[in-house]
Amino acid sequence: MPLPDLQKFRTTVDAYRAKLADECAAVRDVQGLEDLRNRYLSRKRGFITLLFEEFKNLEAADKPAAGQLLNGLKLEVQEKLTGLEERLRTPAPAKAEIDPTLPGERRPWGAAHPLRLFQREIETIFLEMGFGIEDGPEIETDYYNFEALNFPPQHPARDDWDTLYINDNLLLRTHTSPVQIRVMEKRKPPIRIIIPGKVYRRETPDPTHAAMFFQVEGLVVDKGISFAHLKGTLEHFLKRLFGEKIKIRFRPSFFPFTEPSAEVDIECLACGQKDPGCRVCGGTGWKEILGSGMVDPQVFKNVNIDPEQFSGWAFGMGIDRIAMFAYGIPDIRFFYENDLRFNRQFHLK
Ligand code: 2NL
């Protein structure tokens, strides 16, 4: 028995409604949406248009109910299409999921500064010889920086123009010697130490001067220490640092805190002692590397060490200055500009 016309019409409308839901779910882009719109609403062959044709042939009594069904479907199609269109034109939100298989982001880890690397080389050589490493305050008193070291009151280093004073009594240390004074006050000989650290001078920066730079000083105090220990130890140090074949010379000098005193030169690495017009050694063939001497008895008295019982030697050296000489760096300021192209060259080995 054929279905009554209204019932058949209802079945067809329901079938289209189900099909519509599936087709909407399959739409991926604007083109797919346009195709869908045409399939349902095209004025010539759209499903809805065709259903309206069928509607015309229904019994007059069935028309109100059938009309309601058909208009309901048409509205639903239009609503679904509008919703789809809105979804397609809104950019998809960024996905919250993470992909654990992607490679990680490279983070800069940092590395030791060139001056620190050079300082470590120096430290290693002295550690091998049984020295200890000490440090102390960078803000010092006039006493520890000058007076205990036997600087006379009128010494030019004590001038406001050479030293950075905080007030009448406090200053930024101009060398690391005050640490040796502090160590000798606290600890009795034998003492074998080096003190690397920052020191400050009132300087206008230029290629060979900075207001802050690095220094290393050394101190040996014990019974029976002579100038031979000074000479042998410093020669060994310089040969480990610059190579066994390096030429070394000692010449007399003066410091308020040592007597006798000696400055130590090595052959000029820039010209190999061959260029009378050499910019690095001034044509002398020699480069001053450090100052040294036998600790002045007055310094021992200042820290209550008996100079009749003990003797010692000390040295001081600029780390920046020697690193510049060793690596052929023409300007001390390169160390403090933090230009990674400069700094990285020391990590290429
Ligand atoms: C230089 C010369 C020197 C010292 C530093 C020193 C320290 C004490 C006692 C005696 Cl506590 N001496 N230090 C000795 C001789 C030279 O430095 O040209 N430095 C860059």
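## Cavity and pockets

Two elements, helix 7 (177-186) and strand 5 (212-222), each supply at least two residues of the lining of the largest cavity. Helix 7 gives the most to this lining, with four residues. The model is a predicted one. A search of the whole structure finds one cavity of 30 Å³ or more. Among the residues that line the largest cavity are Ser 177, Gln 180, Ile 181, Met 184, Glu 217, Leu 219 and Phe 257.

The open spaces come next. In the largest pocket, 46 residues form the lining, and the closest to the pocket's centre are Arg 201, Phe 213, Glu 288, Gly 318 and Arg 321. Strand 5, strand 7 (258-267), strand 8 (286-295), strand 9 (311-318) and helix 10 (319-327) each supply at least two of the lining residues. Strand 8 gives the most to the lining of the largest pocket, with seven residues.

The second largest pocket is lined by residues including Pro 108, Trp 109, Gly 110, Leu 340, Asn 343, Arg 344 and His 347.

The table sets out the volume and the classes of lining residues for each space.

| Space | Volume | Lining residues by class |
|---|---|---|
| Largest cavity | about 100 Å³ | eight nonpolar, three polar, one charged |
| Largest pocket | about 1200 Å³ | 22 nonpolar, 14 polar, ten charged |
| Second largest pocket | about 250 Å³ | five nonpolar, four polar, one charged |

Definitions and conventions. Residues are numbered from 1 along each chain as its sequence is written. This is a predicted model: local features need pLDDT of at least 70, side-chain atom pairs count only at pLDDT 80 or more; totals for chains, interfaces and linings use all residues. Side-chain values use heavy atoms; hydrogens and water are left out. On a 1 Å grid over the protein atoms alone, a cavity is a set of points where a 1.4 Å probe fits but cannot get out, and a pocket is an open set with protein on both sides within 12 Å along at least five of seven lines; lining residues have an atom within 4 Å of a point. Grid points are joined across faces, edges and corners, and a volume is the space filled by probe spheres set on the points. Ala, Val, Leu, Ile, Met, Phe, Trp, Tyr, Cys and Pro count as nonpolar, Asp, Glu, Lys and Arg as charged, and the others, Gly among them, as polar.
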